[in-house]
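Welcome! Here is a short tour of one protein model, written for someone meeting it for the first time.

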Amino acid sequence: MSTPILICDDSSFARKQMARTLPPDWDVTISYAENGLEALDAVRAGKGNIMFLDLTMPIMDGYQVLEVIKKEDLPCMVIVVSGDVQPEAVARVKQLGALDFIEKPIDPDKTRQVLSEFGIL
């Protein structure tokens, strides 16, 4: 059974780039969301057991998504993918329940490393 993955970013280029960094031997079904509201709908529909989440998006940003996931105890592991690498941002997303933080531009080796560290691969 494949793992439902959700990639949430307002940039279509960034979504495609993230998808290309996933390990090619990983059995996944990938869904996409352009903002936080779409992402939460997808998670509630079972399309995002693991989510790669951007922070800066219109309508609902990544911080707000993490707050809702935590508040509603949604079954979703979140890895934040962002260009905002300030220590405060990293600490805040981890406090909100994110597993880890991957800096853009995305390195496939870093993605594999994070997935392995958390026993996802």
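Which elements each supply at least two residues of the lining of the largest cavity? They are S1, H1 and S3.

## Reading the model

This is a predicted model, in which local features need pLDDT of at least 70 and side-chain atom pairs count only at pLDDT 80 or more, while totals for chains, interfaces and linings use all residues. Residues are numbered from 1 along each chain as its sequence is written, and side-chain values use heavy atoms, leaving out hydrogens and water. Helices (H or I, at least four residues) and strands (E, at least two) are DSSP runs, numbered from the N terminus.

## The cavity

Rolling a probe the size of a water molecule over the atoms shows where empty space is left. A cavity is a set of points, on a 1 Å grid over the protein atoms alone, where a 1.4 Å probe fits but cannot get out; lining residues have an atom within 4 Å of a point. Volume here is the space filled by probe spheres set on the points, with grid points joined across faces, edges and corners.

A search of the whole structure finds one cavity of 30 Å³ or more, and the largest cavity has a volume of about 60 Å³. Helix H1 gives the largest share of its lining, three residues. Among the lining residues are Ala14, Arg15, Met18, Asp54 and Lys104.

Helix H1 spans residues 12-21, and its buried residues are Ala14, Arg15, Met18, Ala19 and Thr21 (buried means under 20% relative accessible area, exposed over 50%, partly exposed in between, with a 1.4 Å probe and protein chains only). Seen down the axis of H1, these buried residues fall within an arc of 160°, so they line one face of the helix; the arc is that of the directions from the helix axis to the C-beta atoms. The face turned away from the buried side carries the exposed residues Phe13, Lys16 and Arg20.

What covers the buried residues of H1? The cover includes strands S1 (3-8), S2 (28-33), S3 (50-53) and S4 (77-82), along with helix H5 (108-117).

Asp54 sits in the loop between S3 and helix H3 (62-72), and an unreviewed UniProt entry annotates Asp54 as "modified residue: 4-aspartylphosphate". Such annotations may be inferred rather than shown by experiment; positions follow the numbering used here and feature names are shortened. Asp54 is buried, at a relative accessible area of 5%. Not counting residues up to four places away in sequence, the residues Asp54 touches include Asp9, Asp10 and Lys104 (contact means heavy atoms within 4.5 Å).

Asp100, in strand S5 (residues 100-103), is buried at 10% relative accessibility. Ile120 lies in the segment after H5 and is buried too, with a relative accessible area of 14%. The C-alpha atoms of Ile120 and Ile50 are 8.9 Å apart, although the two residues are 70 residues apart along the chain.

## Backbone details

Most residues other than glycine have a negative phi, and most peptide bonds are trans. Here the peptide bond from Lys104 to Pro105 is cis, with omega near -5°, and Pro105 is in the loop between S5 and H5.

Ile59 has a positive phi near 70° and lies in the loop between S3 and H3. Asp73, in the loop between H3 and S4, has a positive phi of about 50°. Are these residues buried or exposed? Ile59 is exposed at 63% relative accessibility, and Asp73 is exposed at 66%.

How values were computed:
On a 1 Å grid over the protein atoms alone, a cavity is a set of points where a 1.4 Å probe fits but cannot get out, and a pocket is an open set with protein on both sides within 12 Å along at least five of seven lines; lining residues have an atom within 4 Å of a point.
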